[in-house]
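Let's take a friendly walk through one protein model. Have the viewer ready and follow along.

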Amino acid sequence: MGSTDPPADGPSLERLSAVFRVYEARRDGDRLVYYGEPLVPRERLLDAAWPVFREHGYEVQLTTETGEYVLVAEPADTGIDGIPWTNVVLFFLTVVSTLYAGTAWYHIDAMESPLAALEAWPFTAAVLGVLLTHELGHYVMTRYHGVDASLPYFIPMPSLIGTMGAVIRMKGQMPDRKALFDIGVAGPLAGLVATIAVTAIGLSLPPEQVPASLMNNPDTIQIEFGYPPLLELIAWVLGEPTNYGPGQAVNPVVIGGWVGMFITFLNLIPVGQLDGGHIVRAILGKEQERVAALVPVALFGLAAYVFYVEDVSNASVLWVFWGLLATYVAYVGPANPIDDEGLDLSRKAIGILTFVLGVLCFTPVPIEIIT
């Protein structure tokens with residue numbers, strides 16, 4: 001049985017008395033549990049209780065156990081404890097998968113000589129460089145605002161680029177809109193810096209020579225990338241071409257820049273807990289849900305445009321997939337900060353600029369597969 005005396009390292013009952021009437025408090029392993037009766041609505045309760053528990057080094061949530069309301073507080077973990085083996089293994093597997101994906105762009109026969117895949121390292125460095133920089137942008141901001149988050153998890157995937165991207169998992173409560181905005185916007189902006197650098201390097205490198213055996217083979221599958229305005233702008237500034245004549249293809253490092261732009265646009269879709277959803281939730285508050293409701297409609301409309309007007313079925317399928325995903329993400333909902341006070345004008349301006357940059361990363365037909 002518990003008691004009404006709080007654990008020694010927990011907040012006093014007096015500090016909670018205005019919002020939560022405690023009738024039992026005890027320690028459960030590393031957790032503190034306070035059973036009681038909420039005296040105010042859930043949002044006001046967490047708004048008052050979260051900073052109190054945070055002072056004592058705990059993250060708190062309101063839940064129910066056997067029909068009783070309980071505040072469950074767990075130690076706030078804002079550091080790395082030991083070697084994150086899951087992150088390390090996934091990163092290693094993603095290095096391998098992107099190397100083998102890169103062999104296709106460098107026309108390397110990895111089946112004949114597996115170690116030859118190492119020659120595709122510039123492609124791997126470009127792709128993982130932009131993804132890692134994007135996720136570290138988020139991670140640094142979670143540490144700055146004291147939000148518990150994991151290191152990046154990379155997702156290896158046999159595909160044209162060898163990966164499905166990377167994510168970090170936020171486990172702590174979001175303290176306020178400023179933290180939500182800073183964490184959401186840091187990834188796209190940091191990733192874009194790396195993307196621009198990778199794209200500029202790739203455009204400055206010599207084009208890749210296409211073997212004559214592929215050029216003369218009628219069964220060869222052609223893959224054409226749709227270059228977004230930002231990539232074309234970088235090429236224009238550098239005075240470098242984005243298309244070459246027969247027998248030559250863009251340097252594979254440029255594809256790494258294309259990946260960065262494509263990932264940036266997708267992450268800035270303003271729905272749920274995507275980066276764009278975080279930014280819009282921070283700027284508009286709960287009005288973000290109205291914006292999110294329109295996103296799947298826009299994506300399905302884009303799919304129809306690409307299919308009927310552009311006549312590119314594979315790109316249409318891509319946007320249908322993202323329309324379905326956006327529907328699910330919108331249903332799950334955005335991250336809700338404890339303190340829902342509005343943002344300052346400077347952050348709002350940065351948010352608008354970020355979306356403008358995101359539009360420059362958009363192309364209706366990102367990729368076309370011609371058989």
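This is a predicted model: local features need pLDDT of at least 70, side-chain atom pairs count only at pLDDT 80 or more; totals for chains, interfaces and linings use all residues.

Residues are numbered from 1 along each chain as its sequence is written, and side-chain values use heavy atoms, with hydrogens and water left out.

**Salt bridges**

Side chains of opposite charge can pair when their charged atoms come close. A search of the whole structure finds 11 salt bridges, each being a side-chain nitrogen of Lys or Arg within 4 Å of a carboxyl oxygen of Asp or Glu. Among them are these:

| Pair | N to O distance |
|---|---|
| Arg15 and Glu55 | 2.8 Å |
| Glu37 and Arg21 | 2.9 Å |
| Asp28 and Arg31 | 2.8 Å |

Helices (H or I, at least four residues) and strands (E, at least two) are DSSP runs, numbered from the N terminus. Glu55 is exposed at 54% relative accessible area, while Arg15 is partly exposed at 42%. Here buried means under 20% relative accessible area, exposed over 50%, and partly exposed in between (1.4 Å probe, protein chains only).

Glu37 in strand β2 (residues 31–38) and Arg21 in strand β1 are 16 residues apart. Asp28 is partly exposed at 33%, as is Arg31 at 23%. Salt bridges with shared partners also join Arg177, Arg281 and Asp340 into one network.

**A helix pair**

Which side chains of α7 meet α10? Phe262, Phe265 and Leu266 in α7 meet Leu318, Trp319 and Trp322 in α10, where contact means heavy atoms within 4.5 Å. The residues of this contact divide into six nonpolar, no polar and no charged. The axes of α7 (residues 252–267) and α10 (residues 313–332) come within 12 Å and cross at roughly 35 degrees; they are lines fitted to C-alpha atoms over the stretch in contact, with angles from 0 to 180 degrees between N-to-C directions.

**Surface and loops**

Val89, Phe92, Leu93, Val96 and Tyr100 form a nonpolar surface patch with about 440 Å² of accessible area together. Such a patch joins nonpolar side chains (Val, Leu, Ile, Met, Phe, Trp, Tyr) within 5 Å, from residues with over 30% relative accessible area and no salt bridge. Areas come from the Shrake-Rupley method with a 1.4 Å probe. Val89 belongs to helix α2 (residues 85–106).

His107, not a glycine, has a positive phi of about 60 degrees and lies in the loop between α2 and α3 (121–144). Asp311 also has a positive phi of about 60 degrees without being a glycine; its place is the loop between α9 (288–308) and α10.

How values were computed. Patches are made of residues with over 30% relative accessible area and no salt bridge: like charges are joined within 9 Å, nonpolar side chains (Val, Leu, Ile, Met, Phe, Trp, Tyr) within 5 Å. Ala, Val, Leu, Ile, Met, Phe, Trp, Tyr, Cys and Pro count as nonpolar, Asp, Glu, Lys and Arg as charged, and the others, Gly among them, as polar.
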